[in-house]
Amino acid sequence: MGTGTILLILFIGLILYGVGMYNRLVSGRNSYKNAFAQIDVQLTRRHDLIPNLVETAKGYMAHEKETLEAVINARNSAVSGLNNAKADPSNPEAMKQLGQAEQGLSGALGRLFALSESYPDLKANENMMQLSEELTTTENKVSFARQAYNDAVMMYNNLREQFPSNFIANWFQFKGAELLEIEDEAMKQVPKVEF
């Protein structure tokens, strides 16, 4: 085997290695986009449940108009944030905006549920109980979908930043993906224990 043949084999090997690495980057990018699509499904379901919840509560909480309006405004903000993030899940600003909007919505819903405790008829309303249960189930699904998305983003970002795939990622302008973080203030608070 001559030197030219060995160099040709090495060159072909490098090209095949680069193509394989490029394909892994594309696969990683598609994985995190698919994972975000799962979040989109669950958040859309959550957003669709909220108007029904507010309508059910309106009849019982007529003088709590401010709280009900805050829930609707927070929901609209979350829908807007979801639409922006859906357009480009790799946009760090859109992901931060979505996380903040969802955090605001969770806070508004928390206030609504806290106020509903003061209305025994509302708490006992079958429609309200069903909507609350569906919302809780959806919240759990959002948490699982967000965890899967963040795992896919981490794997993609690791592949994008590791040597030697970082050369291919930079050459073909694979952008980094942003984690979706929704802070739950209730999780940060230390539980109060009384005896």
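**Exercise 1. How are α2 and helix α3 (residues 92-116) oriented where their axes cross?**

Let's start with the geometry. The axes of α2 and α3 cross at roughly 155° and come within 8 Å. Keep in mind that this is a predicted model.

Next, classify the angle. Anything over 145 degrees counts as roughly antiparallel, so α2 is roughly antiparallel to α3.

The contact of α2 with α3 involves 16 nonpolar, six polar and three charged residues.

**Exercise 2. Describe how helix α1 (residues 3-58) packs on helix α2 (residues 65-87), and say which residues meet.**

What do we need for this? Two packed helices are described by the angle between their axes and the distance between the axes.

Step one, the numbers: α1 and α2 pack at an angle of about 165°, and their axes are 10 Å apart.

Step two, the label: that angle makes α1 roughly antiparallel to α2. The crossing of α1 past α2 is left-handed.

Step three, the contact by class: 13 nonpolar, two polar and five charged residues.

Step four, who's there. On the α1 side, the residues include F36, L43, I50, P51 and V54, with D40, D48 and K58 also among them. On the α2 side you'll find, among others, L68, V71, I72, R75, L82 and K86.

**Exercise 3. How many aromatic pairs does a search of the whole structure find, and what kind of pair do Y22 and F174 make?**

The search turns up seven aromatic pairs.

Take Y22 and F174. Their ring centres are 5.5 Å apart and the planes sit at 70°, so the pair is edge-to-face. Y22 is in helix α1 and F174 is in the loop between α6 (165-171) and α7 (185-188), so the pair ties together parts 152 residues apart in sequence.

Then check accessibility. Y22 has 30% relative accessibility and counts as partly exposed, while F174, at 4%, counts as buried.

One more thing: Y22 and F174 belong to one aromatic cluster with W171 and F172.

**Exercise 4. Classify the pair formed by the rings of Y32 and Y149, and decide whether these residues are buried or exposed.**

Ring centres first: 6.4 Å apart, with the planes of Y32 and Y149 at 75°. Planes over 60 degrees apart count as edge-to-face, so that's the label for this pair.

Now locate them. Y32 lies in helix α1 and Y149 in helix α5 (residues 126-161), so the pair links parts 117 residues apart in sequence.

As for accessibility, Y32 and Y149 are both buried.

Key: Residues numbered from 1 in each chain as written. Predicted model: local features only at pLDDT ≥ 70, side-chain atom pairs only at ≥ 80, totals over all residues. Heavy atoms only, no water. Axes fitted to C-alpha atoms, helices over the stretch in contact; angles between N-to-C directions. Helix = DSSP H or I, 4+ residues; strand = E, 2+ residues; numbered from the N terminus. Parallel < 35°, antiparallel > 145°, perpendicular 65-115°, else oblique. Left-handed = near helix turned anticlockwise from the far one by under 90°. Contact = heavy atoms within 4.5 Å. Nonpolar A, V, L, I, M, F, W, Y, C, P; charged D, E, K, R; others polar. Phe/Tyr/Trp six-rings, centres within 6.5 Å; stacked < 30°, edge-to-face > 60°. Buried < 20%, exposed > 50% of the residue type's maximum accessible area, 1.4 Å probe, protein only.
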